[in-house]
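Me: I would like to go through the labels attached to this model and see what each one rests on. Please set each value against its cut-off.

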Amino acid sequence: MIGAPALQRLTDPWRHGRWRPGVQLAAAVAIAWGVAVVLHLPESFWAVMSVLIVMRPSAGSTLDAGWNRVRGTAAGALCGLAGVWMQHHGTPALASTLAVVMLLSFASAAAPGLRSAPVAALIILSAGGIPGQSALQVALLRMAQIGIGVGVALAVSTVVSEYHAGARFDESCAALLHGIAKRMVAARQPADAEAERIHSGTRVALGRLAVLADGADLEARWWRRGDATARGPYRDKARLAARIFQDAVVLDRVFRQARDTAAEATWREAAQAAGTAIAGMADALAGRSTPPDLDELGRCAQASRSVPSNALLAAPLSLLFDDLRRLQHVLGARSPSSA
């Protein structure tokens with residue numbers, strides 16, 4: 001049928017569970033508007049606008065975006081009041097408005113957390129459009145409406161969150177490590193161009209993982225999950241995953257040099273031990289097993305130091321062993337080798 005592809009595109013979100021974020025956002029919009037109406041706030045859709053700006057699928061990322069929105073608006077409100085003060089002392093309205101907004105626009109480019117500051121300042125400096133409201137009243141009104149929007153977004157994303165940022169991070173990090181391990185033990189090494197393309201994609205995934213780690217750490221601090229004295233455990237995991245990737249890239253280059261040499265069998269054994277250790281750590285991150293035993297990888301690293309023909313292998317293998325031990329420590333378990 002001619003309309004079958006279009007109908008399938010319309011029904012895919014409902015069949016695959018991608019309707020949850022839309023329902024979540026629509027509910028938050030309705031609640032924020034209702035709260036503003038009940039409180040008899042003028043221009044109640046400013047609370048709705050805050051919901052639309054800060055709402056994310058998880059509570060941690062919503063809190064992060066909401067905090068940036070609040071502090072940016074607070075800075076913009078203060079600068080807007082400074083501009084109103086300048087106007088009261090004889091500065092032309094157009095000149096003061098342009099000066100404040102341009103200054104905040106420049107600052108927001110350097111500090112992304114201040115992106116909402118120029119908008120807030122412009123709203124306050126053009127407060128003449130609200131009869132009976134002074135500049136200070138407009139600033140306080142905007143702050144209250146933004147607080148309502150951020151609070152509603154955080155409450156809704158916490159109660160009906162599509163996912164928890166910590167679990168999402170662990171799943172993504174485990175998938176990344178599984179990919180590294182699979183390529184390390186593969187019988188056929190990809191061509192140089194294909195390998196570079198794979199490495200570029202992994203670097204992009206590591207960047208997304210770092211962003212997800214920030215939201216997971218924020219969510220963990222918000223709910224006081226995990227060790228209260230730990231500073232950014234998910235950020236530590238992301239950093240170690242990036243180091244493991246770097247170690248794997250160096251090992252891949254070393255293994256390529258081992259083709260058609262007498263040491264190739266020994267080096268393939270080391271690659272198998274490294275891939276098994278990384279895959280076991282990925283399973284531990286995903287919650288499917290306990291952290292793996294790193295004894296075999298440690299033995300290969302130690303043996304490579306005593307064989308002159310394996311000199312190139314010793315350093316990256318030892319670095320990988322050390323980084324896996326550190327990740328094992330972050331996960332809360334130590335192998336006999338790391339004692």
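Reply: A salt bridge here is a side-chain nitrogen of Lys or Arg within 4 Å of a carboxyl oxygen of Asp or Glu. The model is a predicted one.

Me: Why is the pair aspartate 283 and arginine 288 called a salt bridge?

Reply: The closest N and O atoms of aspartate 283 and arginine 288 are 3.2 Å apart. The cut-off is 4 Å, so the pair counts as a salt bridge. In general, side chains of opposite charge can pair when their charged atoms come close.

Me: How do you know whether aspartate 283 and arginine 288 are buried, partly exposed or exposed?

Reply: Buried means under 20% relative accessible area, and exposed means over 50%. Aspartate 283 has 22%, so it is partly exposed. Arginine 288 has 58% and is therefore exposed.

Me: What makes Glu269, Glu296 and Arg299 a network?

Reply: They are linked by salt bridges. Arginine 299 meets glutamate 269 with an N to O distance of 2.9 Å. That pair links distant parts of the chain, with arginine 299 in helix α12 (residues 295-305) and glutamate 269 in helix α11 (residues 264-285), 30 residues apart. Arginine 299 also forms a salt bridge with glutamate 296, where the closest N and O atoms are 2.6 Å apart. Arginine 299 and glutamate 296 both lie in helix α12, 3 residues apart, which is about one turn of the helix. A search of the whole structure finds 9 salt bridges.

Me: How are α2 and α3 oriented to each other, and why?

Reply: The axes of helix α2 (residues 20-38) and helix α3 (residues 45-54) come within 8 Å and cross at roughly 155°. Angles over 145 degrees count as roughly antiparallel, and α2 and α3 are therefore roughly antiparallel to each other. The crossing of α2 past α3 is right-handed.

Me: Which residues make the contact, and of what class are they?

Reply: From α2 come Leu25, Ala28, Val29, Ala32, Trp33 and Ala36, and from α3 come Phe45, Ala47, Val48, Val51 and Leu52. By class, the contact has 11 nonpolar residues, no polar ones and no charged ones.

Me: What makes histidine 40 stand out?

Reply: Histidine 40 has a positive phi of about 60° although it is not a glycine. Most residues other than glycine have a negative phi. Histidine 40 lies in the loop between α2 and α3. At 71% relative accessibility, above the 50% limit, histidine 40 counts as exposed.

Me: Why is helix α6 described as largely enclosed?

Reply: Helix α6 (residues 117-125) has 9 residues, and 7 of them are buried, so the rest of the structure largely encloses it. The buried ones are Ala117, Pro118, Ala120, Ala121, Ile123, Ile124 and Leu125.

Me: How do you know that threonine 73 is buried?

Reply: Its relative accessible area is 2%, and the limit is 20%, so threonine 73 is buried. Threonine 73 is found in helix α4 (residues 59-88). Leaving out residues up to four places away in sequence, threonine 73 touches Ser116, Ala120, Met143 and Ile146. Its C-alpha atom is separated by 8.3 Å from that of isoleucine 146, 73 residues apart along the chain.

Me: Why is alanine 279 called partly exposed?

Reply: Alanine 279 is at 22% relative accessibility; since buried requires a value under 20%, partly exposed is the class. This residue is found in helix α11. Alanine 279 touches His178 and Ala181, not counting residues up to four places away in sequence.

Me: How many helices and strands does the protein have, and what share of it is buried?

Reply: The protein has 13 helices and 0 strands. Buried residues make up 42% of its 339 residues.

Technical notes. Residues are numbered from 1 along each chain as its sequence is written. This is a predicted model: local features need pLDDT of at least 70, side-chain atom pairs count only at pLDDT 80 or more; totals for chains, interfaces and linings use all residues. Side-chain values use heavy atoms; hydrogens and water are left out. Axes are lines fitted to C-alpha atoms, for helices over the stretch in contact, and angles run from 0 to 180 degrees between N-to-C directions. Helices (H or I, at least four residues) and strands (E, at least two) are DSSP runs, numbered from the N terminus. Angles under 35 degrees count as roughly parallel, over 145 as roughly antiparallel, 65 to 115 as roughly perpendicular and the rest as oblique. A crossing is left-handed if the near helix is turned anticlockwise from the far one by less than a right angle, and right-handed if clockwise. Contact means heavy atoms within 4.5 Å. Ala, Val, Leu, Ile, Met, Phe, Trp, Tyr, Cys and Pro count as nonpolar, Asp, Glu, Lys and Arg as charged, and the others, Gly among them, as polar. Buried means under 20% relative accessible area, exposed over 50%, partly exposed in between (1.4 Å probe, protein chains only).
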